[in-house]
Amino acid sequence: MEDSTAVAAVLDTMVSGDETTTSVRRVVFFSLLDGVSLSFSEIATKTGLAIEVVRSVVEQAILGGVATIDGPLEGDPKVVGAEGLTLVESRHNLLIDGVDLYTWCAFDIVGIPAALGVDATGETTCATCSAVISIVITGGEPLESDVVGWWPLGSTGPVNESFCPTASMFCDPSHLDSWRRNSGANGEMLSLVDLAARGRITWAKFAS
């Protein structure tokens, strides 16, 4: 079993883990999981925090690359993406409890349902051949597959701009090896089971 202390929670590397920040992040995450984007004022109402506190927390999350909004920060925009989930179309699709969502990277379609311990299906494309890759998660566990994922190492800056673009999936190890030779990327190949294990670490604060 993987030692959780050996893997940094990707989403927490750029954002404070204090109680106020965590409460805002949880409200936003679970709303997005229901397919609903909340405005700053709606988040303030749900958390009981002042809107300026919410604005400050979301601003920090945006700078860290773990949140996106649909308007100017100084207004009352809605948070349309957070913690890997997004309502903005991407090439990574995730279906949980009948809600059709998108994610920032391929890792999310395994990691999020694994952390929540739920059934889900996901779709992405192979970063080498562009074939559609379908993922099935049952009770938080991915079904056995030849599909592998790439875990970027040494990425810096906002998570959704540095880690996510290359946190891709591949039809099988040979496709990943081909991509790695051409890209020169720094990272490691992980099975779906390993990706699920890292997902449970990454989204641990949302698992209860």
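Residues are numbered from 1 along each chain as its sequence is written, and side-chain values use heavy atoms, with hydrogens and water left out. Because the model is predicted, local features need pLDDT of at least 70 and side-chain atom pairs count only at pLDDT 80 or more, while totals for chains, interfaces and linings use all residues.

**Exercise 1.** Describe how helix α2 packs against helix α3.

Solution. 
Step 1. Locate the elements: α2 covers residues 40-47 and α3 covers residues 51-63. Helices are DSSP runs of H or I with at least four residues, strands are runs of E with at least two, and both are numbered from the N terminus.
Step 2. Take the geometry. The two axes come within 9 Å and cross at roughly 110°; axes are lines fitted to C-alpha atoms, for helices over the stretch in contact, and angles run from 0 to 180 degrees between N-to-C directions.
Step 3. Classify the angle. This makes α2 roughly perpendicular to α3 (65 to 115 degrees; under 35 is roughly parallel, over 145 roughly antiparallel, the rest oblique).
Step 4. List the contacts, meaning heavy atoms within 4.5 Å. From α2, Phe 40, Ser 41, Ile 43, Ala 44 and Thr 47 meet Ile 51, Val 54, Arg 55 and Val 58 of α3. By class, the contact of α2 with α3 has six nonpolar, two polar and one charged residues (nonpolar: Ala, Val, Leu, Ile, Met, Phe, Trp, Tyr, Cys and Pro; charged: Asp, Glu, Lys and Arg; polar: the others, Gly among them).

**Exercise 2.** Describe how helix α1 packs against α2.

Solution. 
Step 1. Helix α1 spans residues 19-33, and its axis lies 10 Å from that of α2 at an angle of about 115°.
Step 2. The pair α1 and α2 is therefore roughly perpendicular.
Step 3. On the α1 side, Ser 23, Val 24, Val 27 and Val 28 meet Ile 43, Lys 46 and Thr 47 in α2. This contact of α1 with α2 has four nonpolar, two polar and one charged residues.

**Exercise 3.** Work out the strand order of the sheet that holds β10, and whether β10 is buried or exposed.

Solution. 
Step 1. Three strands form an open antiparallel sheet in the order β11-β10-β12. The edge strands β11 and β12 each have a single partner, so one side of each is left without a neighbour in the sheet.
Step 2. Check the pairings; two strands pair if DSSP finds at least two bridges between them. Strand β10 (residues 148-152) joins β11 (residues 169-170) over two bridges, with Gly 149 opposite Met 169. Five bridges join β10 to β12 (residues 187-191), where Val 148 stands opposite Ser 191.
Step 3. Five of the five residues of β10 are buried, so this strand is largely enclosed by the rest of the structure (buried is under 20% relative accessible area, exposed over 50%, partly exposed in between, with a 1.4 Å probe and protein chains only).
Step 4. Val 148, Trp 150 and Pro 152 point one way from β10, and Gly 149 and Trp 151 the other way.
Step 5. Helix α6 lies across β10, β11 and β12, at about 35° to β10.
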